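The structure comes before the text.

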Amino acid sequence: MFHPELNGVPVVVLSNNDGCVIARSEESKALGIKMGTPLYQVREVLEQNHVAVFSSNYTLYGSMSGRVMSLLASYTPVLDIYSIDEAFLDLSGMGDSDTLKTYGEEIAARVGRATGIPISIGIAPTKTLAKVGSKFAKKYPGYKCCCIIDTDERRQKALALFDVGDVWGIGRRIAEKLAYHGIHTAADFANKSERWVRSHFNVTTVRTWKELNGVSCVSIDELPRKKSICTSRSFADQGVTDRNVLEEAVANFASRSAKKLREQKSYCRSITAFAYTSCFRTDVPGHVIYGSLTLPVATCDSGELIRAALHVLRESYADGDFAYKKAGVILWDIVTHEGVQQDLFDPVDRKKQAALIEAIDQINKKNGHDTVRVAVQGANIRFGLKREYISHRYTTDIDDVLVAKS
């Protein structure tokens, strides 16, 4: 959107600390650049082919995602946001196939005009088939960004051209097991009997089979929640030597993990904090911090989890000048609201705490990430990542807003 001169040019985006390639344009894929390849291994290829390289810019991505989702919400009474770049729109009762196809093309065109973000839309009786359709809409320009699968003939044709390993809900291990039984396309799998599928796979895979056969049975709320949540970072250059900076980093990691926990409407009963020095350096002393804590009551409160993470960290400090290269926080023993076991002697007013958390989240959603935060998180990030190729925050920083000149 902000660099139209890059249309048709190979582009890659790097991971934290500019470590590995984590996103590639089609032109970059054509050069043979693989996902997850360390930057130093492809630096020569990037330079020789004049590839545009960018560091991760999560602030910009989140802002643009919000703009796209707000536009999509205007086209449906029910919008389920699945991830930063995926959503499901309920178009029930909005017309026949021709009307829906036109409607989908209109949605894609408007989002493209308003945000500069190209989107692909799949319309079908089930979420899994809709995702299949969106892949075809992205791959083939003739669909005009919208592919509709509304008849059994179209369903069979689409599934016959679709690799079973690319089906939503089919992971690598299941794909390998299906290949062992001679099942390579989505059609091969859909054409198996329900009895056979039930005898070889779990109920989740059975639901995927039903969805491929046009029976809607997957709800966003019923999708598996993460069993653990980890937020960690490698520190740039020589690492972090100041304990206050290390605590600031761990506090921010705990806060981000808590936010992810709330987004999936879950609570955690246990937390692990860790930090360690580089295992490759022999010129400085090494040290490893790794400890866990079980909470008296499962929580999703940032302040409570930050306190717990810092307690683990402080309990494990050792004398010496250490340069910590990586740190992180892991939330585990995750439960839903129904699974929270209360404590008779709990000193926390959980009802008041929940109201406070909700208020803070609403303020931060409106005014920007961590507008309101715990003091130990710091005012300015001092454990900054290495981001030599970072783009501007065009939509969230007044100093980065584009200026038009006549």
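The sections below go through the ring pairs, the charges over rings and the cysteines.

## Basis

This is a predicted model, in which local features need pLDDT of at least 70 and side-chain atom pairs count only at pLDDT 80 or more, while totals for chains, interfaces and linings use all residues. Residues are numbered from 1 along each chain as its sequence is written, and side-chain values use heavy atoms, with hydrogens and water left out.

## Aromatic pairs

Rings of Phe, Tyr and Trp (its six-membered ring) pair if their centres lie within 6.5 Å; planes under 30 degrees apart count as stacked, over 60 as edge-to-face and the rest as tilted. The structure has 13 aromatic pairs. In one of them, the ring centres of Y75 and Y103 are 5.5 Å apart and the planes are at 70°, so this pair is edge-to-face. Y75 is in the loop between α3 (58-73) and β4 (79-83) and Y103 is in helix α4 (residues 97-115), so the pair ties together parts 28 residues apart in sequence. Helices (H or I, at least four residues) and strands (E, at least two) are DSSP runs, numbered from the N terminus.

F136, Y140, Y143 and F162 are linked into a cluster by ring pairs.

## Charges over rings

A charge sits over a ring if NZ of Lys or CZ of Arg is within 6 Å of the ring centre and within 35 degrees of the ring normal. The charged end of K127 sits over the ring of F88, 5.7 Å from its centre. For R243, the charged end sits over the ring of Y317, 4.3 Å from its centre.

## Cysteines

With a disulfide defined as a pair of cysteine sulfur atoms within 2.5 Å, the count is 0. C145 is in no disulfide, and its nearest cysteine sulfur, that of C146, is 8.7 Å away.
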